[in-house]
Structure formats: C-alpha cells, structure tokens
Amino acid sequence: MSDESPANGPSSDDPTGDDPAGSGLEAEKLRRLQQVDDLRAAGQNPYPYRFDRTHTLGDIRAEWGELEPGTETEHAVSVAGRIMLKRDSGKLIFATIRDRTDEVQLFISKAVVGDDEFAAVKALDLGDWVGVDGTVMTTRKGELSVKPERVELLSKAVRPLPDKWHGLSDVDTRFRQRYADLIVNADARRNFEIRHETVASFRRTLATHGFIEVETPVLHPEVGGAHARPFTTHHNALDMPLYLRIAVELYLKRLIVGGMERVYEIARTFRNEGVSTRHNPEFTMMELYQAFGDWNDVMDITEELITTAARDALGTTELEIGGQQIELADPWPRKRMVDYASEGTGVDLHPSMPIDDIRKVAADHDVFVESYWGPGKIIEELFEKTAEADIVRPTFVTGHPVEISPLARVDRNDPHLTERFELFVDGRELANGYSELNDPVEQRARFEDEQAAKEAGNDEAGTVDEDYLRALEYGMPPTGGLGIGIDRVAMLLAGVDSIKEVILFPTLRPEVF
RNA sequence: GCUUCUCUAGCUCAAUUGGCAGAGCAGUGGACUCUUAAUCCAUUGGUUCUGGGUUCAAGUCCCAGGGGAAGCACCA
C-alpha cells in the first residue's frame, strides 16, 4: 500500500543532460529541450509572448475554401495553430496545423522562406505551436493551404503527441490527461462542444421566458433539497461544519418567496456516493423555479429546453436513442409511476394499500425492503425494478407518492400522490420537477416525517429546515420547479454511454507519479 | 463495498502449449519542389503496473498489492 522506497526510478526533472541511453520518452524530451536551449543560444525565444492573428483557420476555409486547384493568391494572412502532421518532401514541407476552428495545410517552400528558416521549420516537431505569415493558395490537387513567408515558433512542445492516427484509446490516460485527449481525439472535442452548446441553449431558452440566473451558496449549513449523502467540511474561523450542496432547491425557492418570480441556477452539485457510467461525485444540475406555474408548465419547458438544445447543438431534433429513431419534437408521453409499477408487477398498486400487501409484492419481485419504508417508497422501488430500464423515448413518469416527495405538492386529485414528474430517456433519469409545496404548515409536517425517517435509520432522509419554513411563512406563490441533469442531457445529445465523456476532468483516484 | 475483465516501447497494438519481447506510428540519419496517416532506405528506444512464488525456463501459470473499465448496489 504505502510505497516509501527512496529509489523512485528515473525522474523526469533530472536535468543531467547527456544520457542517450534513457528511455524513449526521456531521450525524446532531452532532444527537444536541447532544441530549446539551442534556440535561446541563437537569440530566439522558443516561448514568445504573443502573436497577431488575422484569421482563424475556419475563417481561411470559409473565405477561400472554394478556390480552384492550383491557385496562388496575393491574400496575406496570419494564422496560428499546433502542428499535427508534417510531410517533408525535400525542398518542400507540408505541415497540417490546427486551431480551435479547423485544420489547414502549410505549404512551406525552401525557395520562399530561405535556407535558414527552412532548416528551422524542418526542426519543428509534431505538437509545436506556430504562427505563420503567408499567402492563401491551393495545391495542384486542390488542397487549401497557406504558403508562409515566415514561420514563428510560438511554443515548443517538449513531450511527444500520442499516435497521430489512432490518437489515445486508453480510457485511463484519456481521462487523466484530458489535455492530450482533446489534442488528438476529435470525438472528445465534439462532446464538449455539444455540452457547451447545450448549456448556452438552455440559457437562451430561459432568457426568452424571462428567467434570471442566480448564484446561491455551495457551502450549506444544513443538508436539504434531495435524498443523498453529502460531502462534509469544516469552516475554521466559524468553527462549524458545512456541507457541499446536494441540491439548490431550497435556496431558489427562498428567492421565489422574495418575489424574484423566475430564477434558475446552473449548479455544480456534490453527492458523496458511488461512481458509475451515470454518476460523478460532482455533477451539474440546472434548477429553475417559476412563480404562478405548476408541474404542467414545468413539463412543457422541459420539453422545450431539451428539444431546442438538440436543435442548437446538433442541428436536428431527431436522435437515435437505444437503437430507435426518436423525434424529440413529438409530444413526450406522460404516465403515472403507479401505473408503470402496476403493469410491471401485474398487481394494482397504490400508496393507499396496506403495507403488508405491498411488501408481499416486493418480495415476489425480489425487491429488498428496509423496515422503515412505507408503501410509496416500495412502489418506487418496484417501478425502478420492473419498468425504468425499458423507457427509451423521453417520457414523463408522474405522480410520485407523497412519502418520497417531501417538497412536492399533493396531487389535486389524489391525496396519496404528488404533482411530481421525472423525465426518463433510455432508462436514465434526466430531470425531476413538481408543483412546489408552499403551505408552511404542511411543509413542517413533511419535514418532521423526514426527521422521523432519519431517526428510524434512513440516513439519507432530510431534517427540519427552520429558516426555509420561516421563508414559506412569508408566503410563496404557487410555483413550478425543475431540476435537469446537465451531464445527462449532454450524454444524450452526444450519444455517449459514460458520464466521464462529458465531464472534462472526472473524479478519479490520484495518479501515482 | 462486491463480481468479472484489463495493464507489453512516448502512442496504437502483436507475441502459438510456459521456450531468444515484435510491428506500425512518433524519434534519429539519409533521398525527394505538390504531399494528404506522404513515400523509400537505414536505425535508436523495454524494470512486459509493483512485489512475491512455481519452473531448467514466466509477458504468459499461482498469490498479494496498485490503476482502470464493465456490471451489481446506492443515487441524479
């Protein structure tokens, strides 16, 4: 376990220059570092401070992408990028450089740049950043190129890139060295563009509906707003425990009490639970609250947010989900959780039924039941066991039992259920929302039920939040609320199966160097 | 936390029944003024994750440990 051996192998920061018999990597780094020294000795800076760029590579392609093969232009441009490929052909060097927008070829002619500069270009490595002043042209075969008059090294890479064709495939390395992953894997870059477009689209959609973005505390003195184990920390000066937030619900609803009417927060949220393809200990949730609305308004806006994000990020609202072609713009089905559970088990289930009867159904379906669970919690477990995984197309599962929904308002037509929904797509929960409970007396009773459950052994149950109750006592208007898992929406739109593919730096055990 | 799988050169991957640890790319040297993963010739580079064990012989089999992945469980 503990490795306190003093002999810790050859260290990379050992600058004892002349060791040609090092490993391949060490020898390569030494060679490149030597080049850095040589450049400095020749009065050049291998790490200059800035470069003036006139065009991105995308600009170049947009403006001159249609040039005929074999065209030389007088258009002088300055571009910059990382050298991704290099083809040395005697007195010509072809190099492919890439910036954030595109890749473009450099057509470097010894006759144009001169012998010294040509030799300097020849010495450049894959991975180096360069800035180029030159003219736009196309080769005889029609490849859009910049013909440099000058090539300036902007930053020397002293570590070699991963394989130029295969990229990085080892997932451990991809996630630990995300920088390298992004350099060589176009799919990785695409996933994070989709994530960005999703969040940007959400913000635009919410702005059109008059929502304002707010920021509430990450450090909470009390755990609330969801059922989850928190990360616990300690404030030294105040000498008090604090919890990283597991949800932002209770703070945002305080703002509704304050009259802000329509608020949202894109909130990094922390839950001290397992890591899986669908879970990271820190993840991003977008929560919104809308005064004077109820769960139906919130389901509508959920559809709009995700459908619009698909259009903005992918240019289409038709997605392949679980092997099926799904048109997101079609209305999303809404179906009660008790109906799913009843169909799944073949027994008519309802939270009003006797606890012993429902425990028997659970036993018949190999669903483990804790002693303190009531009928509502067991119905949820039965739903998850018998139905959840089969939901492919976006579907609102509605009417969660009161027992498992301490912050949701009771269904106006059924006192055992709430006006609550969860959005499921491809067997995964993406969102959760409801008509918000705004009666302070009932909310206190629900909190006290939670407190009792906690004392009965449910360590994820909440406690009584006195300040939140005080806020409700001032009066909260009728309100609809929503929480959407941003990471999971990004997974859906990117078409990936692991949450790590849409989190730049997913939580991993620390690497041993 | 449990089960299974996995770890070989900087990267991507081979290695038959346990029998000399290999290739492509990258790198180095050379040729080439229209290449496109350029091509051609030559070539450097290894604590096979770590530590034990079995064996004449271990990348390969066994034990322990470490990293990762998938599934389970928990959750969103």
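So, the phosphate contact: a phosphate oxygen of RNA strand B sits 3.0 Å from a polar backbone atom of Asp-170 in this predicted model. When I say polar contact, I mean a pair of N or O atoms within 3.5 Å; within protein, one has to be able to donate a hydrogen and the other to accept it, and residues adjacent in sequence count only if both atoms are side-chain atoms.

Quick housekeeping. It's a predicted model, where local features need pLDDT of at least 70 and side-chain atom pairs count only at pLDDT 80 or more, while totals for chains, interfaces and linings use all residues. Residues are numbered from 1 along each chain as its sequence is written, chains are lettered from A and ligands numbered from 1 in the order in which they are written, and side-chain values use heavy atoms, with hydrogens and water left out.

Okay, back to the RNA. There's also a backbone contact from Gly-24, where a polar backbone atom is 2.7 Å from a sugar or linking oxygen of RNA strand B. And there's one to a base: an N or O atom in the side chain of Arg-87 is 2.6 Å from a base oxygen of RNA strand B.

Which elements give two or more residues to the surface near RNA strand B? They are α1 (24-41), β1 (72-89), β2 (92-98), β3 (103-109) and α5 (171-176). With five residues, β1 gives the most. Helices here are DSSP runs of H or I with at least four residues, strands are runs of E with at least two, and both are numbered from the N terminus.

In total, 53 residues surround RNA strand B, and the closest are Arg-87, Lys-141, Lys-164, His-279 and Arg-488. Near means that a heavy atom of the residue lies within 4 Å of the strand. By type, that surface divides into 14 nonpolar, 16 polar and 23 charged residues.

Let's zoom out to the protein. Chain A has 15 helices and 20 strands, and its C-alpha atoms fill a box of roughly 90 × 60 × 45 Å along the principal axes. The domain assignment gives domain 1 (57-155) and domain 2 (186-333 + 393-502); those bounds come from an automatic or database assignment. Their C-alpha centres lie 49 Å apart. Of the 513 residues in chain A, 47% are buried, where buried means under 20% relative accessible area, exposed over 50% and partly exposed in between, with a 1.4 Å probe and protein chains only.

On to the rings. Rings of Phe, Tyr and Trp (its six-membered ring) pair if their centres lie within 6.5 Å; planes under 30 degrees apart are stacked, over 60 edge-to-face, and the rest tilted. The count comes to six aromatic pairs. One of them is Phe-396 with Phe-421, edge-to-face, 5.2 Å centre to centre with 85° between the planes. Phe-396 is in strand β15 (residues 395-398) and Phe-421 in strand β18 (residues 420-425), so the pair ties together parts 25 residues apart in sequence. Phe-396 is buried at 0%, and Phe-421 is buried at 0% too. Phe-447 and Tyr-468 are another edge-to-face pair, at 6.2 Å and 65°. This one links helix α13 (residues 440-455) to helix α14 (residues 466-473), so it ties together parts 21 residues apart in sequence.

Arg-254 lies over the face of Tyr-251 at 4.8 Å from the ring centre, and Lys-377 over the face of Trp-373 at 5.2 Å.

Most residues other than glycine have a negative phi. Asp-239, though, has a positive phi, near 50°. Where is Asp-239? In the loop between β8 (232-235) and β9 (240-244), and it's exposed at 58% relative accessibility. Phe-292 has a positive phi as well, near 75°, in the loop between β11 (282-291) and α9 (295-314). Phe-292 is exposed, at 59%.

How values were computed: A charge sits over a ring if NZ of Lys or CZ of Arg is within 6 Å of the ring centre and within 35 degrees of the ring normal. Ala, Val, Leu, Ile, Met, Phe, Trp, Tyr, Cys and Pro count as nonpolar, Asp, Glu, Lys and Arg as charged, and the others, Gly among them, as polar.
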